[in-house]
Amino acid sequence: MPAFTVEMDGAIAVVVFDLPGESVNKFSRAVKDEIAALIGQLRNDATVRGVVLMSGKKDTFIAGADIEEFVAAKTEAAFRTLSREGQKFLDELEAFPKPIVVAIHGACLGGGLELSLACHYRIASNHRKTVLALPEVQLGLIPGAGGCNRLPRLIGLRAALDMILTGKNIRADRALRIGLVDEVVSPAILRSVAVKTAAMLAESPVTRKPRGHWFLDRTRPGRALVFSQARKQVLRQTRGNYPAPLAAIEAVRFSLRHGLSRGLEHEAELFAKMAVTDVSRNLVNIFFATTALKKDPGVPPPAPEPLPVARLAVLGAGFMGAGIAVTAAEQAGVTVRMKDADLARVGKGLKAVSDVIQERLRKRSIDRREAARRIAMISGGVDYDSIRNADLVVEAVFEDLEIKRTVLRETEAVVRPECIFASNTSTIPIARIAEAAARPENVVGMHFFSPVHRMPLLEVIAAARTAPRTVVTAVAFGRSMGKTVIVVRDCPGFFINRILAPYINETGHLVMEGTPLEDLDRAMTAWGFPVGPVTLLDEVGLDVAAKAGKVMLEAFGERLRPAIRIDALVSDGRLGRKNGRGFYRYEKGRKAGIDAAVYGLLGVAKASGSGSEAVAERLSLAMLNEAARALEEGVIRSPRDGDIGAIYGIGFPPFKGGPFRLMDALGAEAVVAALERLASRHGPRFAPAQVLVDHARNGRHFYGD
């Protein structure tokens, strides 16, 4: 079946792109060849005076290139050919003698936007799902079909660099303001307006004024300043770990200096160089893994259908509870009832919900009507009777086993028999909580990460007695909340806190050896983490960390015995960022340096410490080794789940591909040798996991690709 159909509307050919057998439109070589042939026919048809290009998909215009076809290429030469073929087609589109109006509804991404840039007029719908972006840097690439050349010429240098270097989505209203689209209309009239516009342009071509600041965007000295600042900002944010943003800056700079024709050639060269980097391959693997998880029901086949969830109850109106409530209302579109022990706590939770929604309003991602609608979806109270009809109850109370068991018993006494009870515990095994349940098959873990409305990961924890339908319902609802979901086996710490525990404990050992706290953070941010381990402890909360440490010690023994007494800091009133006192000092919510008094409280003298490479080796290998143990024990179902969990849950450096991709890149033999060397110096906590020893002996990898 063809991907494109033509419908004549008077003298205007309406070309509809509807890729057969796919939920979204994607560009491939076959698609490009088909539309190129069609455009050639329309060129030679004297009855056609203009063209409208639009999508036949419900909420997607063009999602970008076919990534599977992309990864089939292996060499720079192959990637260069892909880029040049795409550029040649879009050059022909731009030179088409009849006006081409593109009618954009839904996501217009990557190659889809590059195609739109080559058309003569762009109209977008004002629907909330209409977004435009060049997200190639998120795959370690640069726009390779003319995006680095056409975008700055259309919207100005600074606006173009902002889009290319961040890959962020631009909504239709902003796209209109910056000149990315020429018009924004209701989806109901998108086609008719596009047809009329094509007819008008056939009589009188459109002219556009240059966009951007006259000096910064259009003069050589001004552009040089912009490029210099952009490069500094990229290096500050990426620490040089991601080459694609720097390559994109160079592609844009070269194009504006040497012209479009040479600029396109240089863009193709840089695109090809980026495509064969390990960074790009790792980021593409993450993309595929994330896509596969979206289709994974969370249980072996045949998987039951998930139960519908229209009414959610959240027990606990604290920071986590409020975050779960607002995310469920905003993303899943369900009504939410928050319950807590007293009205003051409920009120505080509702205020936290309102703050998140008001932030959306201030950033113009929603309007006042939508903000009011979302706030109205969330209510609160102190009685159980108001959650009687809930389909799913998420418990987000204090991390205490007996409290959670009490809440479970009280909930089961009022809800319907089919209602699912999910605990947001971060460390306590679900089976222990479910010992208090009359219906343990309905009890599951849903471990969200803070802040819930920003953190993308959700761990769904299946206990031995949790029913498959309960698991698939939790997974499906988590996805409806916009989360990337991994299913893990029930055990203390699950996966994320399991691999964090030795990482944090080894941080403690280094502290006790006198390593300056700021050096620990500096070493791990240089290694690629967004924040260092000391900052992470302050962010999580020292009281939470102390409690988690005790749970992990009880479960795993001396290997995970905390090296420092975090409870001594808690006793001193240090809870971390949330109360402005932790390892760091905080002024007006911002870090203001390490609090030197911490060393005295811990009974340690600050010394010169280890070098950054030695610090990074000890901390990273502690985490990698534990990840291997977790896989060996069946805590995670696959290396894929472990890599995605670590990246989305704790900010493991994406450019390294995840713990298991990294161990494959290093080689099991090298990892085992490094662990054995550390074990000889620091003790048996570094003894390599048996699966690593086996892989080293047999030359095996975690991934077979």
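In the predicted model, Leu-109 stands opposite Ala-133 of strand S8. This position belongs to the pairing of strand S6 (residues 107–109) with strand S8 (residues 131–133), which runs in the parallel sense over 3 bridges. Both strands are part of an open sheet of 4 strands, ordered S4-S6-S8-S9 and mixed in its pairing. The edges of this sheet are formed by strand S4 (60–62) and strand S9 (170–171), each of which pairs on one side only. Helix H4 (residues 111–118) lies across S4, S6 and S8 and runs at about 85 degrees to S6.

Helix H26 (residues 639–650) and helix H27 pack with their axes 7 Å apart, at an angle of about 110 degrees. Angles of 65 to 115 degrees count as roughly perpendicular, and H26 and H27 are therefore roughly perpendicular to each other. On the H26 side, the contact is made by Pro-639, Gly-642, Asp-643 and Ala-646, and on the H27 side by Pro-659, Phe-660 and Arg-661. By class, the residues of this contact comprise 4 nonpolar, 1 polar and 2 charged.

Helix H27 also contributes to an open site. The second largest pocket has a volume of about 470 Å³. Its lining consists of 19 residues, of which Asp-278, Arg-281, Asn-282, Asn-285 and Arg-661 are the closest to the pocket centre. Two or more lining residues are given by each of helix H12 (278–294) and helix H27 (659–666), and the largest share, 6 residues, comes from H12. The lining of this pocket divides into 8 nonpolar, 4 polar and 7 charged residues.

The largest cavity has a volume of about 100 Å³. Helix H19 (496–512) and helix H25 (612–632) each give two or more residues to its lining, with H25 providing the largest share, 4 residues. The lining includes Asn-505, Glu-506, Arg-559, Glu-626, Arg-629 and Arg-685; by class, it has 4 nonpolar, 2 polar and 5 charged residues.

The second largest cavity holds about 50 Å³ of space. Among the residues that line this cavity are Leu-408, Val-415, Cys-419, Phe-421 and Val-443. At least two lining residues are supplied by each of helix H16 (401–412) and strand S15 (420–423), and the largest share, 3 residues, comes from H16. In the lining of the second largest cavity, 7 residues are nonpolar, 2 polar and 2 charged.

Technical notes. Residues numbered from 1 in each chain as written. Predicted model: local features only at pLDDT ≥ 70, side-chain atom pairs only at ≥ 80, totals over all residues. Heavy atoms only, no water. 1 Å grid on protein atoms, 1.4 Å probe; cavity = no way out; pocket = protein on both sides within 12 Å on 5 of 7 lines; lining within 4 Å. Points joined across faces, edges and corners; volume = space filled by probe spheres on them. Nonpolar A, V, L, I, M, F, W, Y, C, P; charged D, E, K, R; others polar. Axes fitted to C-alpha atoms, helices over the stretch in contact; angles between N-to-C directions. Parallel < 35°, antiparallel > 145°, perpendicular 65-115°, else oblique. Contact = heavy atoms within 4.5 Å. Pairing = 2+ DSSP bridges.
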